[in-house]
Amino acid sequence: MGTRSDRLIVLSIRPSPLARLLLAALLLHRRSCLAAADCPPPSPASRDEMGKAAVLVVVFDFDRTLIDCDSDNWVVTEMGLTQLFRQLYPTMPWTSLMNRMMRELHSQGKSVEDIAECLKRVPLHPQVISSIRAVHSHGCQLKIVSDANRFFIETILKQHGLLHCFSEIITNPAFEDEEGRLRIVPFHDTVCSPHGCSLCPPNMCKGIVLDRFLASELGDENTRFIYLGDGKGDYCPCLKLRTQDFLMPRKGFPLWEKIWSNRNLVKAQVHEWSNGDDLARTLIDLLDRILKNLDACPLDFTHEAPLRSIPL
Ligand SMILES: [Mg+2]
Ligand SMILES: [Zn+2]
């Protein structure tokens with residue numbers, strides 16, 4: 001499939017990291033076209049158009065995964081609420097506390113637009129942006145499952161031109177009420193229908209969300225999931241991943257620690273990452289390998305397999 005010559009070209013011209021990422025995306029496209037000759041599946045996009053299951057679903061946690069910081073903490077800090085936040089933190093659940101912070105901003109005369117302006121300053125790693133665009137351009141489905149809220153997530157993604165890349169954002173609802181105040185409510189109704197999962201915070205069980213994906217056409221045995229996350233709340237969905245799926249925990253963060261405390265409980269292959277560069281490189285590499293091996297060419301990965309098949 002021209003892999004060796006592709007590598008020689010990449011190594012000889014020594015492009016910048018961003019250029020290398022974009023070049024890798026182009027190589028992936030070329031390889032998936034070439035693969036069609038001896039490995040029948042057409043591109044994932046065309047499979048979707050034919051009404052069949054998507055080949056690859058990439059599920060992102062948001063805070064400290066897709067973005068390097070925590071969007072809730074960002075707004076609290078940037079809008080001068082740190083003291084009140086610390087004072088109330090021991091007294092209420094996280095989502096209620098953030099809703100309370102929004103009430104405080106409203107009482108100070110801050111508008112929803114002011115909050116949006118603050119969110120627009122959240123940085124997003126350029127290579128993470130490129131990798132998301134590359135994955136999307138291959139017809140893979142991208143989803144976000146997050147314990148932040150819809151307003152924060154959509155505002156940040158829109159600012160970086162990425163909102164259209166995601167087919168679904170599953171998170172705590174947020175809306176502007178008739179007084180112009182932003183309200184944030186829990187994803188699950190914690191009073192009338194608690195989710196009952198002991199691993200997850202009361203407002204959201206991400207495992208239930210993953211169960212829903214797996215019960216849909218996305219649960220087809222030919223589909224591969226890649227789940228990226230960092231926090232304790234990402235552990236429950238990771239236990240649902242199957243042997244053909246992939247898990248990308250952020251190294252040194254609570255999810256990574258939970259996984260390695262009993263590695264046998266997670267069936268998916270684990271590929272850790274530390275920062276935005278690493279995330280992008282690992283994700284593109286996995287995409288490359290999965291697309292090369294799907295359908296007529298069975299997956300033949302091992303946990304020890306080298307991760308650097310593309311020289312990014
Ligand atoms: Mg997170
Ligand atoms: Zn759960």
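User: Is the crossing of helix 9 and helix 14 left-handed or right-handed?

Analyst: First, a caution: this is a predicted model. Now the general idea. Two packed helices are described by the angle between their axes and the distance between the axes. Here, helix 9 and helix 14 cross in a left-handed way. Helix 9 covers residues 126-137, and helix 14 covers residues 276-293. Their axes come within 8 Å and cross at roughly 20°. Angles under 35 degrees count as roughly parallel, so helix 9 is roughly parallel to helix 14.

User: Which residues of helix 9 and helix 14 make the contact?

Analyst: Take each helix in turn. Helix 9 contributes Gln127, Val128, Ser130, Ser131, Ala134 and Val135. From helix 14 come Gly276, Asp277, Leu279, Ala280, Leu283, Ile284 and Leu287. Sorted by class, this contact has eight nonpolar, four polar and one charged residues.

User: Let us turn to the sheet. In what order do its six strands lie?

Analyst: The general idea is this. Strands of a sheet pair through backbone hydrogen bonds, either parallel or antiparallel. In this case the order is 3-2-1-6-7-8, and the pairing is parallel. The sheet is open. Its edge strands are strand 3 (168-172) and strand 8 (269-270), and each pairs on one side only.

User: How many bridges join strand 2 to strand 3?

Analyst: Four bridges join them, and the two strands run parallel. Strand 2 spans residues 141-149. For one facing pair, look at Ile144, which stands opposite Ile169 in strand 3.

User: What is Ile169 in contact with, beyond its neighbours within four places in sequence?

Analyst: Its contacts are Ile144, Arg150, Ile153 and Glu154. Ile169 and Leu142 are 27 residues apart along the chain, and their C-alpha atoms are separated by 9.0 Å.

User: Why does Ile169 count as partly exposed?

Analyst: Count the C-beta neighbours. Ile169 has 19 of them inside 10 Å. A buried residue needs 20 or more, so Ile169 counts as partly exposed.

User: Now step back to the whole chain. How many helices and strands does the chain have?

Analyst: There are 14 helices and eight strands. The chain has 312 residues, of which 38% count as buried. Sequence separation is another thing to read. Take contacts between residues at least 6 apart in sequence: 65% of them join residues at least 24 apart.

Key. Residues are numbered from 1 along each chain as its sequence is written. Chains are lettered from A and ligands numbered from 1 in the order in which they are written. This is a predicted model: local features need pLDDT of at least 70, side-chain atom pairs count only at pLDDT 80 or more; totals for chains, interfaces and linings use all residues. Two strands pair if DSSP finds at least two bridges between them. Axes are lines fitted to C-alpha atoms, for helices over the stretch in contact, and angles run from 0 to 180 degrees between N-to-C directions. Angles under 35 degrees count as roughly parallel, over 145 as roughly antiparallel, 65 to 115 as roughly perpendicular and the rest as oblique. A crossing is left-handed if the near helix is turned anticlockwise from the far one by less than a right angle, and right-handed if clockwise. Two residues are in contact if their C-beta atoms, placed from the backbone, lie within 7 Å. Ala, Val, Leu, Ile, Met, Phe, Trp, Tyr, Cys and Pro count as nonpolar, Asp, Glu, Lys and Arg as charged, and the others, Gly among them, as polar. A residue is buried if 20 or more other C-beta atoms lie within 10 Å of its own, exposed if 12 or fewer, and partly exposed in between; C-beta atoms are placed from the backbone.
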